[in-house]
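These are my notebook entries on a structure I looked through. I began with a single residue and then widened the view.

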Amino acid sequence: MTAEQIIFFLTAALILVSALMVVTTRNLVHAALWLIATLFGGAVLFATLDAAFLAVVQVVVYIGAIAIMFIFVVMLTRRDLLAKASQTNAGWPWAALVAIGTLAGLVFLSGQMPNAGAQKAALVGDPLVALSTALVSPDAYVLAFEVASIMLLAALVGAVYIANRK
Amino acid sequence: MVPLSWYLFLSAALFSIGLYGVLARKNVIAILLGIELMLNAANINLVSFWRYGSTAQMGGQVFAIIVFAVAAAEVAVGLALVIAVYRTRKTLTADELDLMKW
């Protein structure tokens, strides 16, 4: 087993265990903290995939902003459901069935892919330079980038309006 | 070495766990946490397809960044709705938020 495989298996175990804790734990503050562990595993995966910028963005935006916002909202709202009845609704076996069916279908389709056994090719040039050029180049993704920025601005203005309503 | 399929299997498992969370949990905030897991699984898929395909084509990473923006917008609006709903209805149980059901 190579070092890369060992790192992959450790990261996969961290991601799957903490994701299961996110959907099963009773206390929502704990669920948000387990979400941070899952997202950190995702950042490690991005680093092993040579996407250094995305690994940093995952830590700064997801862990630094989104997960902390979840913790704030959990603390702002009453901790109902904590000590009371079950955390899952009556149809949870059906939900588990749907999830397992989705997992089986996705694994089957992934295994069928012609390049499923592909290995990493050597990198051509610096992917960070290529990514930053692609984001602002008119013949690449500048339109998608600007639309995403406007959507983010609209969403933030809308969020302030909705949460602030008297 | 790690083949592409391992990343795809991991992301499929993460997506299914998130899907279970969205379908089974009662609390609205827990449902949003499940959606975060599913978006993260999609991101892992996008980046691994970029790395194992042609790395000169940056589409995979660019759309992973756009998924980050979508996730941030979704969380901002979703949590604002949670706060607004909690202020008026004093509950966060999805079953009890049946104002628009008839």
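**Entry 1: a glycine in chain A**

I looked up A:Gly101 and found that this residue is exposed, because 12 other C-beta atoms lie within 10 Å. For this label I used backbone-placed C-beta atoms: 20 or more others within 10 Å make a residue buried, 12 or fewer make it exposed, and values in between make it partly exposed. A:Gly101 sits in helix 4 (residues 92-112) of chain A. I took helices as DSSP runs of H or I with at least four residues, and strands as E runs with at least two, numbered from the N terminus. From A:Gly101 to A:Leu131, 30 residues apart along the chain, the C-alpha separation is 36 Å.

I note that the model is predicted, that local features need pLDDT of at least 70 and side-chain atom pairs pLDDT 80 or more, and that totals for chains, interfaces and linings use all residues. Residues are numbered from 1 along each chain as its sequence is written, while chains are lettered from A and ligands numbered from 1 in the order in which they are written.

**Entry 2: chain A overall**

I counted six helices and zero strands in chain A. The radius of gyration of chain A is 20 Å, whereas a compact globule of 166 residues would have one near 15 Å; the value is taken over C-alpha atoms, and the globule rule is 2.2 Å times the number of residues to the power 0.38. Along the principal axes, the C-alpha atoms of chain A fill a box of roughly 55 × 45 × 25 Å. Buried residues are 26% of the 166 in chain A.

I compared helix lengths with the expected span, 1.5 Å times one less than the number of residues. Helix 1 of chain A has 22 residues and should span 32 Å; its end C-alpha atoms are 32 Å apart, so the two agree. In this helix A:Phe8, A:Ile15, A:Ser18, A:Ala19, A:Val22 and A:Val23 are buried. The buried residues line one face of helix 1 of chain A, because they fall within an arc of 135° seen down its axis, the arc being that of the directions from the axis to the C-beta atoms. The face turned away carries exposed A:Ala3, A:Ile6, A:Leu10 and A:Ala13. The buried residues of helix 1 of chain A pack against helix 2 of chain A and against helix 1 and helix 2 of chain B.

After helix 2 of chain A comes A:Asp50, with a positive phi near 60°.

**Entry 3: the two chains together**

I found 77 residues of chain A in contact with 62 residues of chain B, contact meaning backbone-placed C-beta atoms within 7 Å. On the chain B side, helix 3 of chain B gives the largest share, 19 residues.

Which residues have the most contacts inside the largest nonpolar core? They are A:Leu35, A:Phe70, B:Leu14, B:Ile29, B:Leu33 and B:Val47, in a core of 72 residues. Such a core is a set of buried Ala, Val, Leu, Ile, Met, Phe, Trp, Tyr and Cys residues joined through C-beta atoms within 7 Å.

Leaving out residues up to four places away in sequence, B:Ile29 touches A:Leu28, A:Phe70, A:Val73, A:Val74, B:Val82 and B:Leu92.

**Entry 4: a valine in chain B**

I ended with B:Val75, in helix 3 of chain B. B:Val75 counts as buried because it has 24 C-beta neighbours inside 10 Å. Beyond four places in sequence, B:Val75 touches A:Ile66, A:Met69 and B:Leu32.

Definitions and conventions. Contact = placed C-beta atoms within 7 Å.
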